[in-house]
Every structure is written in C-alpha cells, then in structure tokens.
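Open the model in your viewer and keep the sequence panel beside it. We will go stop by stop, selecting a few residues each time.

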Amino acid sequence: RVIGVVSENPAHLMNSALQGEFIAPVALRGRIPVKVTGPVRKGDILITSHIPGTATALTEDSAIPNSVFVIGKSIETNESSEVKLVEVVV
C-alpha cells in the first residue's frame with residue numbers, strides 16, 4: 001500500500017522537532033523523482049512494483065489495479081529496463 005513517495009528535497013518538513021526519531025520525508029503530492037523499473041513513457045500511470053521501493057508502468061495488458069497501488073503519472077519517457085529516477089506527478 002502506498003501513502004506517498006520518500007522525498008530527498010522536501011519543501012516543508014512536518015514534525016521536524018522530534019528528536020531521536022528516524023524521519024523519512026514523504027511527498028504526498030507534487031513533481032517528485034521516483035525510482036522506476038522497466039520502460040516508462042510520458043503519461044504512463046505508475047504503480048507499485050514487485051521490487052520494493054520502486055514503481056513500474058501500468059501496461060495495456062495489465063489488470064486494472066486497486067487505487068492503493070497507484071503512485072502517480074510519469075511526466076517523462078525513459079526506455080531503459082534498469083531501475084532509474086523518473087519525474088512523476090503524485
């Protein structure tokens with residue numbers, strides 16, 4: 001299940017006053033670089049991948065996923081099948 005994407009450069013960090021806690025800044029919306037496995041085209045819907053921490057493009061022959069698996073929409077194309085960062089609208 002997905003709640004957002006971990007951000008390396010958050011615009012605002014909520015609850016940053018907590019001390020001694022591990023805080024992972026989570027982007028809930030916006031343009032965010034996301035780790036994607038497999039080829040992706042601009043406009044593709046990205047869903048959770050079988051590789052933890054990455055997304056993959058929803059293909060035409062994929063079953064329609066439950067909304068808890070949807071991460072966002074790609075705003076760039078990258079045909080590499082390797083894991084790479086792709087700009088996504090969350």
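**Stop 1: the whole chain**

Remember that this is a predicted model. Show the chain as a cartoon. How many helices and strands are there in the chain? There are zero helices and seven strands. Trace the elements from the N terminus, and they run β-β-β-β-β-β-β. The chain has 90 residues, and 26% of them count as buried.

**Stop 2: the salt bridge of E87 and R31**

The structure holds two salt bridges. Select E87 and R31 for one of them. Their closest N and O atoms are 3.6 Å apart. Where do the two partners lie? E87 is in strand β7, residues 84-89, and R31 is in strand β3, so the pair ties together parts that are 56 residues apart in sequence.

Check how open each partner is. The relative accessibility of E87 is 22%, so E87 counts as partly exposed. R31 reaches 62%, so R31 counts as exposed. The cut-off for exposed is over 50%.

**Stop 3: the salt bridge of D44 and R41**

Next, select D44 and R41. Their side chains meet in a salt bridge, with 3.7 Å from N to O. Is D44 buried or exposed? D44 counts as buried, because its relative accessibility is 11% and buried means under 20%. R41 has 48% relative accessibility, so R41 counts as partly exposed. Keep both residues selected, as they come back at the last stop.

**Stop 4: the loop between β2 and β3**

Select L28 and R29. L28 sits in the loop between β2 (26-27) and β3 (31-36). R29 is in the loop between β2 and β3 too. L28 is exposed, with a relative accessible area of 60%. R29 is exposed as well, at 72%.

R29 and V89 are 60 residues apart along the chain. Draw a line between their C-alpha atoms, and the separation is 7.1 Å.

**Stop 5**

**Stop 6: the largest pocket**

Start with V5, V6, S7, P25 and A27. Among the 33 residues that line the largest pocket, these lie nearest its centre. The volume of the largest pocket is about 860 Å³. Which elements give two or more residues to its lining? They are β1 (5-6), β2 and β3. Colour β3 next. With five residues, β3 gives the largest share of the lining. What kinds of residue line the largest pocket? The lining divides into 20 nonpolar, nine polar and four charged residues.

**Stop 7: the second largest pocket**

For the last stop, select T37, G38, P39, V40, R41, D44, T56, A57, L58, T59, E60 and E79. These residues line the second largest pocket. How much space lies in this pocket? The second largest pocket holds about 170 Å³. Its lining divides into four nonpolar, four polar and four charged residues. Look again at R41 and D44, which are part of this lining and also form the salt bridge from Stop 3.

Definitions and conventions
Residues numbered from 1 in each chain as written. Predicted model: local features only at pLDDT ≥ 70, side-chain atom pairs only at ≥ 80, totals over all residues. Heavy atoms only, no water. Helix = DSSP H or I, 4+ residues; strand = E, 2+ residues; numbered from the N terminus. Buried < 20%, exposed > 50% of the residue type's maximum accessible area, 1.4 Å probe, protein only. 1 Å grid on protein atoms, 1.4 Å probe; cavity = no way out; pocket = protein on both sides within 12 Å on 5 of 7 lines; lining within 4 Å. Points joined across faces, edges and corners; volume = space filled by probe spheres on them. Nonpolar A, V, L, I, M, F, W, Y, C, P; charged D, E, K, R; others polar. Salt bridge = Lys/Arg side-chain N within 4 Å of Asp/Glu carboxyl O.
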